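Grab a pencil and the viewer. Here are some exercises on a single chain, each with a worked solution.

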Amino acid sequence: MVEEKTYTAEQWQDLVRLLLFLLGDKPAQELDAVYLHGLSEGMIANWELFEHAVYQAGILIPIAFNGSDGEGMGYRNYPGAAWPGADWYIREFLKLEVNPKQLIPAGPGLHTRGETDALIELCKKREWKQVGVLTVPYHYPRVFCCLVKGMQEAEYYPAIYAIPPTAPPKNWWQIMLGSQGKEFALPFNEIAKEIGNFFGYQEKAYSASSADLFHYLQHREEIMEQQKFFVA
């Protein structure tokens with residue numbers, strides 16, 4: 001029998017605060033790039049994320065994304081196992097008449113932390129300072145904790161903002177594959193699984209603590225300008 005994990009009231013409070021903050025986030029200035037996480041076809045379609053990325057980027061701002069061909073973890077480490085891959089993203093963006101020169105694949109990432117590390121590396125290489133990140137709403141706290149951990153290890157600190165979809169999903173009750181392609185599930189039920197993922201990443205030190213993320217969100221423009229994760 002698998003023992004269920006229990007979390008403190010403070011941990012739950014931090015998660016709720018982070019989720020509400022990030023869902024209400026917006027860039028403080030013009031973006032250097034928009035980044036769309038690697039997600040399943042169902043997740044992309046349910047929140048119309050290609051269209052939202054194009055709207056946020058306009059005709060000039062680069063659109064970056066996971067550069068892998070969709071490999072997953074473990075026995076799913078083959079093209080298209082976790083998501084349809086970078087080539088599919090490119091085809092879908094071209095259907096929306098995005099200029100091919102705007103499309104910038106990042107290094108490949110097989111999981112959220114690998115993907116955020118590749119994004120930080122791309123930001124450093126291209127000297128991007130302000131980047132908007134787009135994913136399904138319930139992924140934001142884990143994604144941003146991974147981003148901060150990646151910044152700390154790479155010692156490069158762009159100002160990264162959540163640019164969540166502004167419209168509700170087409171259907172909370174539409175069965176679809178999750179982002180790792182492991183199983184079909186309702187988006188409503190995926191949220192419960194994501195809670196375990198969020199705390200699990202922190203427990204294994206794959207991601208930054210909630211306290212570090214709160215600090216980053218409060219001071220990210222100063223952190224970006226100073227290129228140092230200072231303690232206020």
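**Exercise 1. Where does E48 lie, and is E48 buried, partly exposed or exposed?**

Step 1: find the stretch. E48 sits in the loop between α2 (41–47) and α3; helices here are DSSP runs of H or I with at least four residues, strands are E runs of at least two, and both are numbered from the N terminus. This is a predicted model, where local features need pLDDT of at least 70, side-chain atom pairs count only at pLDDT 80 or more, and totals for chains, interfaces and linings use all residues. Residues are numbered from 1 along each chain as its sequence is written, and side-chain values use heavy atoms, with hydrogens and water left out.

Step 2: check the accessibility. E48 has a relative accessible area of 39%, so partly exposed is the label (buried is under 20%, exposed over 50%, partly exposed in between, with a 1.4 Å probe and protein chains only).

Step 3: look at the backbone. The phi of E48 is positive, near 50 degrees, and E48 is not a glycine.

**Exercise 2. At what angle do α3 and α4 pack, and which residues make the contact?**

Step 1: get the geometry. Helix α3 (residues 49–57) packs on helix α4 (residues 86–95) at about 65 degrees, and their axes are 10 Å apart. Axes are lines fitted to C-alpha atoms, for helices over the stretch in contact, and angles run from 0 to 180 degrees between N-to-C directions.

Step 2: name the arrangement. That angle makes α3 roughly perpendicular to α4 (under 35 degrees is roughly parallel, over 145 roughly antiparallel, 65 to 115 roughly perpendicular, and the rest oblique).

Step 3: list the partners. F50, A53 and V54 of α3 touch W88, Y89, E92 and F93 of α4, where contact means heavy atoms within 4.5 Å.

**Exercise 3. How do α1 and α7 cross?**

Step 1: helix α1 (residues 9–23) and helix α7 (residues 187–203) cross at roughly 110 degrees, with their axes coming within 12 Å.

Step 2: α1 and α7 are therefore roughly perpendicular to each other.

Step 3: Q11, W12, L15 and L18 from α1 meet I195, F198 and F199 from α7.

Step 4: by class, this contact has six nonpolar, one polar and no charged residues.

**Exercise 4. How many residues does the largest nonpolar core have, and what does Y89 touch?**

Step 1: the largest nonpolar core has 66 residues. Such a core is a set of buried Ala, Val, Leu, Ile, Met, Phe, Trp, Tyr and Cys residues joined through side-chain atoms within 4.5 Å.

Step 2: those with the most contacts inside the core include Y89, F93 and F144.

Step 3: leaving out residues up to four places away in sequence, Y89 touches L36, H37, G38, L39, I44, F50, F65 and W83.

How values were computed:
Nonpolar A, V, L, I, M, F, W, Y, C, P; charged D, E, K, R; others polar.
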